[in-house]
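The stops below can be selected one after another.

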Amino acid sequence: MARVLVAETLADAGLRLLSAAGHDIDIRTGLSPDELRDAIPGAQALVVRSATQVDVDLLAAGDSLVVVGRAGVGLDNVDVAAATERGVLVCNAPFSNVVSAAEMTVALMLTLARHIPQAHQALSDGRWERSRWGGMEIYRKTVGILGLGRVGRLVAQRIAPFDVALIAYDPYVSAESARAAGVDMVPFEELLARSDIITLHMPRTAETADLLGAENLAKCRPHALIVNTARGGILDEAAAAQALEEGRLGGVAVDVYATEPATDSPLFGRPDVVATPHLGASTTEAQDRAGTQIAEQVNLALAGDPVPYAVNA
Ligand code: MLT
């Protein structure tokens, strides 16, 4: 029997699987980094979502740690190299929430194009602002997808029936593979120059950090809408706010932030911004899948069996 430290909310389905394997589930959500470091000694497994920083210090405190399970896709909060160095397996649930993330992206595109939250708020406050919130059709627009991985492709599939032109930039995907998904691969700068809507679907890495900063935002069309449901820090929030202020961008929808939880951002409170608190994966279905998939991986790792979604095996 192993002790599994669950540091963030995990769906019941996942907790049940861990219990059924005979493990001792230690649910300790909402701990500070210091408290988590105090709680980790003796635990063989640690399960997190995106809010917990699994850094060198936490891994060093995990004297019995065998596996870190990330109940979701992104691994930017886990120091995978440090885990590897300590012989700790890291696994994630790469397919768990991609549909939810894609649906959230399309929802934000439409919401942003039609100013729905702003109009709703005005009416809720007793103001009939019919002439203020005229929007933009998606029909026959060019949608530029930055990152044509799992989520980027699902977004392409879902937005295609709006009769849009789909273009993408992704240095790791071939033109043939993109074409099979109904998308034309183009150079990065061409995507910026042509897109009416730009949507981000890449991880935050040294390569993508601040990819949409002041210099590249200046290459976008002045009416362009940008949607970021991928990771904060790829779109520079201050530069985007400045571009909106100067009329060099049409609107921005953000679900993810350079620092989370985010209660302050230069984008907040603007009439041309729709902001949500990292809700891309927050559906019952995605959380059930993430909980189940990560519990299965953790159980395999603790049993010493091969772990299909290990990222550092
Ligand atoms: C992910 O990377 O899986 C999503 O951003 C959702 C999450 O952080 O749990």
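## Stop 1: a pair within helix H2

Arg-37 and Asp-34 are three residues apart in helix H2 (residues 33-39), so about one helical turn separates them. Helices (DSSP H or I, at least four residues) and strands (DSSP E, at least two) are runs numbered from the N terminus. This is a predicted model, in which local features need pLDDT of at least 70 and side-chain atom pairs count only at pLDDT 80 or more, while totals for chains, interfaces and linings use all residues. Residues are numbered from 1 along each chain as its sequence is written, and side-chain values use heavy atoms, with hydrogens and water left out.

Select Arg-37 and Asp-34 together: they form a salt bridge, and the closest N and O atoms are 2.3 Å apart. A salt bridge here is a side-chain nitrogen of Lys or Arg within 4 Å of a carboxyl oxygen of Asp or Glu. Arg-37 is partly exposed at a relative accessible area of 26%, and Asp-34 is partly exposed at 47%. The classes are buried (under 20% relative accessible area), exposed (over 50%) and partly exposed (in between), with a 1.4 Å probe and protein chains only. The areas themselves come from the Shrake-Rupley method with a 1.4 Å probe, and for residues only the protein chains shown count as cover.

## Stop 2: other salt bridges

How many salt bridges does the structure hold? There are 14.

Next select Asp-76 and Arg-231, which form a salt bridge with the closest N and O atoms 2.8 Å apart. Asp-76 sits in the loop between strand S4 (67-70) and helix H4 (80-85), and Arg-231 in the loop between strand S10 (225-228) and helix H11 (237-245), so the pair ties together parts that are 155 residues apart in sequence. Asp-76 is partly exposed, at 33% relative accessibility, whereas Arg-231 is buried, at 12%.

Move to Asp-125, Arg-127, Glu-129 and Arg-132, which a network of salt bridges links. Within this group, the side chains of Glu-129 and Arg-132 meet at 3.6 Å, N to O. Arg-132 has a relative accessibility of 49% and counts as partly exposed.

## Stop 3: a negative patch

Select Asp-12, Glu-103, Glu-285 and Asp-288, which form a negative surface patch. Patches are made of residues with over 30% relative accessible area and no salt bridge; like charges are joined within 9 Å, and nonpolar side chains (Val, Leu, Ile, Met, Phe, Trp, Tyr) within 5 Å. Lys and Arg count as positive and Asp and Glu as negative, while His and the chain ends are not counted. A charge is placed at NZ of Lys, CZ of Arg, CG of Asp or CD of Glu.

## Stop 4: backbone details

Go to the peptide bond between Glu-260 and Pro-261: it is cis, with omega about -5°. Pro-261 is in the loop between strand S11 (251-254) and strand S12 (273-275).

Then select Asp-163, a residue other than glycine with a positive phi, near 65°. Asp-163 is in the loop between helix H7 (150-159) and strand S7 (165-169), and it is partly exposed at a relative accessible area of 42%.

His-278 is not a glycine either, and its phi is positive at about 50°. His-278 lies in the loop between S12 and H12, where its relative accessibility of 21% counts as partly exposed.

## Stop 5: contacts across the sequence

Select Arg-16 in helix H1 (residues 12-20). Arg-16 is exposed, at 56% relative accessibility. The C-alpha atoms of Arg-16 and Gly-291 are separated by 9.5 Å, and the two residues are 275 residues apart along the chain.

Now select Arg-3, found in strand S1 (residues 3-6). Arg-3 is buried, with a relative accessible area of 17%. Its C-alpha atom is separated by 7.3 Å from that of Gly-42, 39 residues apart along the chain.

## Stop 6: cysteines

Finish with Cys-91 and Cys-220. Is Cys-91 buried or exposed? Cys-91 is buried, at 0% relative accessibility, and Cys-220 is buried at 8%. With a disulfide taken as a pair of cysteine sulfur atoms within 2.5 Å, the count is zero.
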